[in-house]
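Visitor: I am new to this structure. Please show me how to read its features, one at a time.

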Amino acid sequence: MGKTVSPDPSARKGWRLWVEDEQVLLVYTGTIWHDITAIDTLQNMALLGVNATADTTNRLSVKSTAVLLDNAGSGMQVKINKNAAADTASLLYQTNYSGRAEMGLAGDDDFRIKVSANGSTWLDAIQIDRTTGAVSLPNTSSPGLSDGDKGDITVSGGGAVWSIDNFAVDPDNLAQSQLGFFTNSGPTPRIWRLRDRVFVGAATGNNGDTGPNTGTDWLTVQYAPWLMGNSQFAVQSTEGRIAVLGAARASDGGGDAIGVAGVGENDGTGTPAWGLYSDVRRGPNAAATFGLELAVKNQGSNVTGDSYSLTGGAIGLHIVAGGDAAYGGAPTNPSTAAIDVAHGTGSAFGTWNLGIRFASNALTTDGSGNAVALSMGQKHALHWMQGSGVIGSQIRSDTTTAGQGQSLLFGNNVLTLKGSGEATTIATFTNQASAVNYLDLKNGLAAGTEPILSAQGTDTDISIRLAPKGAGSVKIISGTTNMFAVEYVASAVNYISARPSATGQPVKFFAFGSDTDIDFQINPKGAGVVTTAALIKAGAATAARASFNAAHGSAPTTPVNGDLWTTTAGFFARINGATASLAGVNSGDQTIALTGDVTGSGTGSFAATIANNAVTNAKLADVATATFKGRATAGTGDPEDLTGTQATALLDTFTSTLKGLAPSSGGGTTNFLRADGTWAAPGGGGVSDGDKGDITVSGGGATWTIDANVVSNAKAAQMPANTLKGNNTAATANSLDLTVNQVRTLLNIWGQHLATPLILV
């Protein structure tokens with residue numbers, strides 16, 4: 001407004017006047033003196049300096065500890081406009097007037113954030129493509145923060161954009177105010193409503209906090225506080241023994257009846273989801289406690305069912321993989337496990353004494369008292385895990401034809417293996433009281449080796465007894481051909497014993513029994529003869545007789561193949577129609593051929609050679625456990641058993657051009673193996689500390705804090721229509737949405753008028 005001062009005929013337009021007593025600067029307009037602080041429009045000014053000097057480059061210059069650009073009632077934009085794509089529109093951050101960081105459109109229309117160490121050399125840190133929105137990190141060697149929901153924050157654009165989620169700002173993030181509620185009765189309500197959450201019964205101690213509830217209801221005090229704090233609808237029973245009842249009858253709706261339905265929709269990435277959850281605690285000296293009881297009553301026909309007939313009847317627990325494709329879509333992979341028996345958290349006693357327990361009278365039995373506890377389909381197995389993803393042992397049925405299955409029955413001190421639907425017995429295994437010795441059956445060690453049935457136990461020397469029934473024989477057969485038989489003879493007192501031998505000694509057959517002298521008799525059948533491939537000793541020598549006796553004197557006139565005799569000229573045999581001397585030396589007229597793994601031929605002396613590829617792994621010298629065949633000793637020589645350390649010492653170290661072992665890291669947790677075979681810390685990191693816009697990161701990227709004054713109306717939780725934020729309770733608490741009537745009560749307003757006079761002083 002204009003100031004009235006004493007007229008001065010010499011005053012000219014533009015003159016200035018300082019009013020000392022009012023501390024006001026006036027300017028003369030030609031008619032009045034005007035207070036320059038009342039000027040509300042400045043147009044087309046060439047320069048403007050605020051506590052600084054402007055120039056033709058910096059036409060607006062401000063030197064201040066802070067600059068505020070406020071809104072005029074709604075939003076606000078700061079616009080930096082350039083003339084063409086090749087020009088620059090950016091914010092430049094300087095240290096002592098030397099550039100260190102710049103963000104904006106620099107030289108093109110892609111958004112960039114770049115930094116400089118000296119003000120002349122610039123490196124792009126982030127580049128956002130103007131067309132696709134794709135984010136690249138040109139100078140970051142390892143990925144930063146991954147995109148996705150981080151709780152209250154959603155990261156996108158390759159970690160470049162952080163946004164507070166809608167409805168994510170809990171009242172706890174805002175200034176404290178008292179949550180409102182409505183009740184169904186007086187000062188001790190039975191139903192409480194906190195925002196869009198409902199609590200029934202003894203939930204009055206709940207204050208609506210979700211992380212976690214700090215109320216005084218017994219469930220929060222005695223159990224996990226998140227149960228009540230995270231509930232949308234909670235019921236605590238204080239009078240009846242059933243807190244929530246769900247009951248449905250098929251005839252009422254004309255279709256399926258579901259008493260209680262639970263749906264768990266896990267569309268996140270970091271937390272699990274449950275369709276139904278039961279947490280039960282049994283206190284000291286309390287009665288039986290059940291996590292879930294399914295009581296099933298069948299008043300229809302008796303349906304037995306099996307693994308190939310799952311329809312009909314009354315089922316206690318029906319677990320369906322995949323669910324109904326009409327709701328939520330079809331599954332894309334098999335479900336993991338129908339029943340998962342797990343260890344509880346937080347205690348060493350989070351275990352089960354039994355996995356599955358069947359009461360002795362729980363199952364329907366047949367006429368023999370037998371019942372089916374588990375019914376599985378063909379090739380379904382019971383398996384025991386050796387480790388994660390590794391099956392150790394298993395039991396499985398591969399039977400495909402009816403009546404050809406086997407059964408394993410445990411009786412009193414006897415284990416019976418049955419076949420043909422238990423119609424026949426395959427074998428029995430009987431336990432003897434105080435037994436210390438037993439049979440051990442091993443399979444073949446490798447190709448070409450035999451399975452082994454051996455005696456084991458605490459005794460040093462243990463025989464194996466094969467006991468046929470009655471007058472039966474003990475037979476060894478191949479397929480259906482008898483190979484060897486030991487027959488039964490009534491009142492027999494003598495028997496044969498066969499013994500192996502040590503190196504260089506012959507194997508032996510002995511006659512044993514109660515008789516003092518026992519002949520050893522071999523009886524060919526019919527006109528058959530006893531022949532041997534190589535006979536060295538027919539019996540043990542005694543004082544009365546020789547070890548072996550062959551015909552001696554004159555040579556037979558018509559010898560046949562296989563005849564042996566001696567004369568004064570020597571020891572002879574008939575072989576392939578010719579008489580040969582067995583004097584024990586090679587006379588030079590016999591040609592010897594060696595076959596098998598060792599081959600060779602000759603007369604007089606024989607050259608033997610191991611055939612190529614004949615030395616198998618089994619014929620090599622044994623290898624020590626956890627070793628390799630090789631040679632670490634300098635110079636050519638025999639193979640050696642090398643330890644892992646010796647073997648790796650012979651191998652190349654991995655480099656940028658060679659395959660090989662990883663080089664020693666030297667320890668630590670920050671270095672990683674590079675492509676050139678060296679260990680080094682990655683060039684980039686994750687989220688660095690500092691202000692990220694709405695969020696400030698600290699603690700080495702571990703703590704994210706919402707900044708003060710950044711939670712706008714759009715980011716705050718939505719309000720019901722026709723409500724105001726406030727606190728109409730008697731204590732300080734989180735804000736809540738107040739209705740018009742609640743506001744009137746809080747302001748002491750009745751209708752359109754004050755309940756009491758309003759006095760202005």
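Visitor: Leaving aside neighbours within four places in sequence, which residues is T567 in contact with?

Guide: First, some ground rules. This is a predicted model, where local features need pLDDT of at least 70, side-chain atom pairs count only at pLDDT 80 or more, and totals for chains, interfaces and linings use all residues. Residues are numbered from 1 along each chain as its sequence is written, and side-chain values use heavy atoms, with hydrogens and water left out. Contact means heavy atoms within 4.5 Å. Apart from neighbours within four places, T567 is in contact with H552, G553, S554, A555 and F572.

Visitor: Where is the place of T567, and is T567 buried or exposed?

Guide: Helices (H or I, at least four residues) and strands (E, at least two) are DSSP runs, numbered from the N terminus. T567 sits in strand 30, residues 564-567. Buried means under 20% relative accessible area, exposed over 50%, and partly exposed in between (1.4 Å probe, protein chains only). T567 counts as buried because its relative accessibility is 16%. Its side chain also reaches the backbone nitrogen of A569, at 3.1 Å.

Visitor: What does S231 touch, not counting residues up to four places away in sequence?

Guide: S231 touches R197 and F199. S231 is found in the loop between helix 2 (226-229) and strand 17 (233-236). With a relative accessible area of 17%, S231 is buried.

Visitor: How many helices and strands does the chain have?

Guide: Five helices and 46 strands. Of the 761 residues in the chain, 13% are buried.

Visitor: How do I read a sheet? What is the order of the open sheet of three strands?

Guide: Start with pairing: two strands pair if DSSP finds at least two bridges between them. The order here is 40-41-42, with antiparallel pairing. Strand 40 (690-691) and strand 42 (703-706) stand at the edges with a single partner strand each, so one side of each has no neighbour in the sheet. Strand 41 (residues 695-698) is joined to strand 42 by four bridges. Opposite I706 in strand 42 stands I695.

Visitor: What about phi? What is the value for A626?

Guide: Most residues other than glycine have a negative phi. A626 has a positive phi, near 60°. Its loop lies between strand 35 (607-610) and strand 36 (628-630). A626 is exposed, at a relative accessible area of 67%.

Visitor: And where is N709 found?

Guide: In the loop between strand 42 and strand 43 (724-726). The phi of N709 is also positive, near 65°. N709 counts as exposed because its relative accessibility is 83%.

Visitor: Which residues form the nonpolar patch on the surface?

Guide: Patches are made of residues with over 30% relative accessible area and no salt bridge; like charges are joined within 9 Å, nonpolar side chains (Val, Leu, Ile, Met, Phe, Trp, Tyr) within 5 Å. A salt bridge is a side-chain nitrogen of Lys or Arg within 4 Å of a carboxyl oxygen of Asp or Glu. Here the patch is formed by M45, L48, V50, L60, V62, V67, L69, M76, V78, I80, L91 and Y93. Together they have about 1100 Å² of accessible area, by the Shrake-Rupley method with a 1.4 Å probe, where for residues only the protein chains shown count as cover.

Visitor: Which strands each supply at least two residues of the patch?

Guide: Strand 5 (48-50), strand 6 (60-62) and strand 7 (88-95). V67 is in the loop between strand 6 and strand 7. V67 is exposed, with a relative accessible area of 62%.

Note on methods
A polar contact is a pair of N or O atoms within 3.5 Å; within protein, one must be able to donate a hydrogen and the other to accept it, and residues adjacent in sequence count only if both atoms are side-chain atoms.
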